[in-house]
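Hello,

Here is the structure I promised to pass on to you. My notes on what turned up in it follow below.

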Amino acid sequence: MFGKVLIANRGEIAVRVIRTCRELGIPTVAVYSSADAHALHVALADEAVHIGPAQAKLSYLNIPNIIGAALKTGADAVHPGYGFLSEDPYFAEICADHGLTFVGPPPDVMEALGDKSTARQLMSKAGLPLLPGTVTPLSSVDEALSTADEIGYPVVLKASAGGGGRGITVVRRKEDLPHAYRTTRADAQALFSDPSVYLEKYLERARHIEVQVLCDAHGNAVHLGERDCSVQRRNQKLIEESPSTAVDPDLRARIGAAAVEGVKSVGYRGAGTMEFLLDEDGRFWFMECNARIQVEHPVTEMVTGIDLVAEQLRVAAGHPLSFDQAAVELRGHAVECRINAEDPARNFAPTPGRLDDLLPPGGPGVRVDSHCVPGGAIPPHYDSLIAKLVVWAEDRPAALARMRRALAEYRIAGPGLSTTVEFHRWVLDHPEFRRGGVTTDFLARVREW
């Protein structure tokens, strides 16, 4: 195992990684920007290194400063968390060049999966079902038009280098496609420095189902069941649960086997997530592979009892997975609500600021992954996540009742601060959610927030 791990991240995921490292007896190094000098991950780590000003590009995305911090403190591994540099193959290569183990997949695998159109090609070769569309970037608007004519509207344009629900445009009419093609390419260039886009059929009433996978360097790969992430705003997830009400044991076995086959075909290593769309006829379609730990990983941890970060570290250190597929047992039901500093009534606009009053819920079956403390703040420079509120119970009705209780207990207040707590209570009480029938268009369709 490693002698010391540097966490190249901030917020709740940095705290999360530090806690597992401590349980494994691994000293940790936190890095922090000027805005995070008093952050919880800095206080919990064994060492901390200042890496730059508040702007992410000058601190958490500053590769020379992060590598310098690792070398200065004698770390031998770097855990990137999610976001920032977690899916940057260049950063992984630089780590290797300096004798540091990157806790994640090999750089070439990360690069291939990071390009969504290349990932579609690879998964098509592996036999996974793809929605009709292109498997290479579109070369012109004429190609987009001819492909859309062939597969039928609506279609969706996606940035090849996209992620986080950005760089996506749904097109319902032929006359709108040329403009959408130009604007999506421009967005892709601005967001990801790569204007490439591809096109696929758009499913109106789909479920977003993702499968957690783990792979080691010894040829072993397992899946840990699915998460249903269909409650989304602007293609960004708000509520996740496991298991999905739309997945029965037979479908779970088939989609899990497909996910494992897909990651094994590209030589994947570490924790990853294969994302699928499930249509109204129960057919699943590959969407993308996220080559990192994900925000919603605690949902899987709650129903499997497996520490995903611990497995990431073991695999990165060259150990085989500590269990096989037969040992994976899904038990009970887990739900995660993302508590964000956002105003749902203003299209989820961020509301950063001070946290004068903060009292998270507790009690049986409740887990709160957070970096926030009373008197702290949500800085305007980063994402607006306050906490991930996760509950577990023996079945879905009990889990939803527990989540309602936990949300009612949550106390968060500060000047100008709004949160998604009340929004989550509204969703949990909505008849469509209660009966387990929510699709990805739910919020856009009901339009009550």
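To start with the sheet: which residue stands opposite Cys-289 in β13? It is Met-274. Before going further, please note that this is a predicted model, where local features need pLDDT of at least 70 and side-chain atom pairs count only at pLDDT 80 or more, while totals for chains, interfaces and linings use all residues. Residues are numbered from 1 along each chain as its sequence is written, and side-chain values use heavy atoms, leaving out hydrogens and water.

**The sheet**

Strand β12 (residues 270-278) pairs with β13 in the antiparallel sense over 6 bridges. Strands here are DSSP E runs of at least two residues, helices are H or I runs of at least four, and both are numbered from the N terminus; two strands pair if DSSP finds at least two bridges between them. The open sheet is formed by 8 strands in the order β13-β12-β9-β10-β11-β14-β21-β19, with antiparallel pairing. β13 (284-290) and β19 (366-370) stand at the edges with a single partner strand each, so one side of each has no neighbour in the sheet. From one strand to the next, the twist averages 25°. Helix α12 (residues 396-409) packs on the sheet and touches β11 (236-242), β14 (333-340), β19 and β21 (385-393). The direction of α12 makes about 140° with that of β21. Contact means heavy atoms within 4.5 Å; axes are lines fitted to C-alpha atoms, for helices over the stretch in contact, and angles run from 0 to 180 degrees between N-to-C directions.

**Aromatic pairs**

The structure holds 8 aromatic pairs. Rings of Phe, Tyr and Trp (its six-membered ring) pair if their centres lie within 6.5 Å, with planes under 30 degrees apart counted as stacked, over 60 as edge-to-face and the rest as tilted. Tyr-60 and Phe-84 are stacked because their ring centres are 5.2 Å apart and their planes at 25°. This pair links distant parts of the chain, 24 residues apart: Tyr-60 is in the loop between β3 and α3, and Phe-84 in the loop between β4 (77-79) and α4 (89-97). Tyr-60 is buried at 1% relative accessibility, whereas Phe-84 is partly exposed at 30% (buried is under 20% relative accessible area, exposed over 50%, partly exposed in between, with a 1.4 Å probe and protein chains only).

Phe-348 and Phe-423 also have ring centres 5.2 Å apart, but their planes are at 85°, so the pair is edge-to-face. Phe-348 is buried at 6% relative accessibility, and Phe-423 is buried at 0%. Together with Trp-426 and Phe-442, they form one aromatic cluster. Arg-233 lies over the face of Phe-348, at 5.2 Å from the ring centre; a charge sits over a ring if NZ of Lys or CZ of Arg is within 6 Å of the ring centre and within 35 degrees of the ring normal.

Ser-59 lies in the loop between β3 (47-52) and α3 (63-73), and is buried at 0% relative accessibility. Leaving aside residues up to four places away in sequence, Ser-59 has several contacts, among them Ser-33, Ile-66 and Tyr-382.

The buried residues of α4 are Pro-89, Phe-91, Ala-92, Ile-94 and Cys-95, and they pack against α3, β4, β5 (101-102) and α5 (107-114). Asp-88 caps the N-terminal end of α4, with a side-chain oxygen 2.9 Å from the backbone nitrogen of Tyr-90. After α4 comes Gly-99, whose phi is positive, near 75°.

Best wishes

Key: Polar contact = N/O pair within 3.5 Å; in protein donor to acceptor, adjacent residues only side chain to side chain.
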